[in-house]
Amino acid sequence: MDLISEEKLDRMTSMEKVRLILDEVRNGKILILEKGLTPSEQTKLIELTMAEIAPDDFSGIEIESYPVKQNENFLTKLFGKTTMKTRLTVIGPASQLKTIKKNKDLISALVSP
Amino acid sequence: MGIMKRLGLNFSWLKKIFKKKKAKIGIYGPPNAGKTTLANRIVRDWTGDAMGSVSHIPHETRRARRREDVTITSNGSSVTLDIIDTPGIATKIDFHDFMTLGLPEEESKRRAKEATEGVMESVKWLEDLDGVILVMDATEDPYTQVNVVIIGNFEARKLPILIAANKIDLPNSSPARIHSAFPQHPLVPISALDGKNIDLLYKEIAEHFG
């Protein structure tokens with residue numbers, strides 16, 4: 001299991017993040033991202049995951065995170081721009097990481113070897 | 001305008017330029033939430049046709065289908081939409097799951113391959129839409145990653161989301177659970193299968209996307 005820091009993620013482009021995640025997950029690793037992915041990065045990850053699914057080799061990924069939060073302070077409201085706050089995210093191979101329960105404040109998952 | 005008419009000037013090209021673009025609304029959700037059942041009901045109610053086949057086996061819809069010019073009228077409001085029924089979005093597809101539902105191995109593998117292509121197509125469509133009807137299975141946990149991703153995408157682009165909490169004909173359904181998970185978006189509890197509350201959904205569609 002690897003824990004990837006927010007600083008490292010901030011230095012990477014979206015494509016670099018998605019590629020790193022897929023490569024590591026395909027090698028059987030479970031990743032914990034201190035700062036999660038934006039919605040568009042998540043859809044890119046889903047898209048590339050689908051392209052790599054192969055029978056008896058790779059069946060996809062399991063992602064767990066909470067919905068992104070909108071940062072809305074006085075200045076962002078004034079200028080009509082909101083930013084998104086992504087949140088801690090766990091990603092692993094679908095064959096090894098399985099969600100048991102997920103609710104507003106708790107995600108339970110089962111990790112198998 | 002009267003003066004222009006009297007002068008014999010035809011400004012129809014100007015109208016075309018400034019005419020409001022017809023909204024493209026995607027029906028999204030995880031596999032087996034009832035997206036095609038709902039799409040069939042909407043299209044049948046307002047045009048008399050159907051959109052696609054349905055099945056209890058997930059990923060029955062593996063190609064996005066668009067039905068143009070569906071005019072929905074409710075409570076004096078009217079809206080004309082292009083309805084896009086999309087394949088269910090998933091993060092994993094294992095052909096063994098189809099085998100456990102009774103499909104032969106070869107067919108399961110083919111279905112899995114087509115399903116991965118369908119998910120990619122759904123993701124591509126996200127960029128081309130003006131709004132979404134997010135169909136959630138009201139008997140299931142609403143906090144799935146698929147729901148989180150779809151809602152996050154549309155919120156980031158400030159596009160309208162209408163949640164259809166489907167399968168309220170089943171005894172263990174709980175639209176309230178979905179509402180508490182995503183209280184920021186309008187929700188209509190429906191049964192796409194038996195049509196319960198479908199008029200309420202049409203009212204929301206006409207108001208929300210009009």
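Two strands pair if DSSP finds at least two bridges between them; helices (H or I, at least four residues) and strands (E, at least two) are themselves DSSP runs, numbered from the N terminus. The model is predicted: local features need pLDDT of at least 70 and side-chain atom pairs count only at pLDDT 80 or more, while totals for chains, interfaces and linings use all residues. Residues are numbered from 1 along each chain as its sequence is written, and chains are lettered from A and ligands numbered from 1 in the order in which they are written.

**Stop 1: a hairpin in chain A.** Select residues 97-102 and 107-111 of chain A, which are strands β7 and β8. These strands pair in the antiparallel sense over five bridges, and the hairpin they form has four residues between the strands. Within β8(A), A:Val111 is the bridge partner of A:Leu97.

**Stop 2: the open sheet.** Next, display the four strands of chain A in the order β1-β2-β6-β3, an open sheet with mixed pairing. Its edge strands, β1 (2-4) and β3 (61-65) of chain A, each pair on one side only. From one strand to the next, the twist averages 15° (axes are lines fitted to C-alpha atoms, for helices over the stretch in contact, and angles run from 0 to 180 degrees between N-to-C directions). β1(A) runs parallel to β2 (residues 31-33) of chain A, joined by three bridges; in β2(A), A:Leu33 is the bridge partner of A:Ile4.

**Stop 3: the interface.** Now show both chains. Here 25 residues of chain A are in contact with 23 residues of chain B (C-beta atoms, placed from the backbone, within 7 Å). On the chain B side, α5 (105-125) and α6 (145-156) each supply at least two residues, and α6(B) gives the largest share, seven residues.

**Stop 4: helix α5 of chain B.** Where are the buried residues of α5(B)? They include B:Ser108, B:Arg111, B:Ala115 and B:Val119 (buried: 20 or more other C-beta atoms within 10 Å of a residue's own, C-beta atoms being placed from the backbone). Among the elements covering the buried residues are α3 (39-52) of chain A and β1 (23-28) of chain B.

How values were computed
Contact = placed C-beta atoms within 7 Å. Buried ≥ 20, exposed ≤ 12 C-beta atoms within 10 Å, placed from the backbone.
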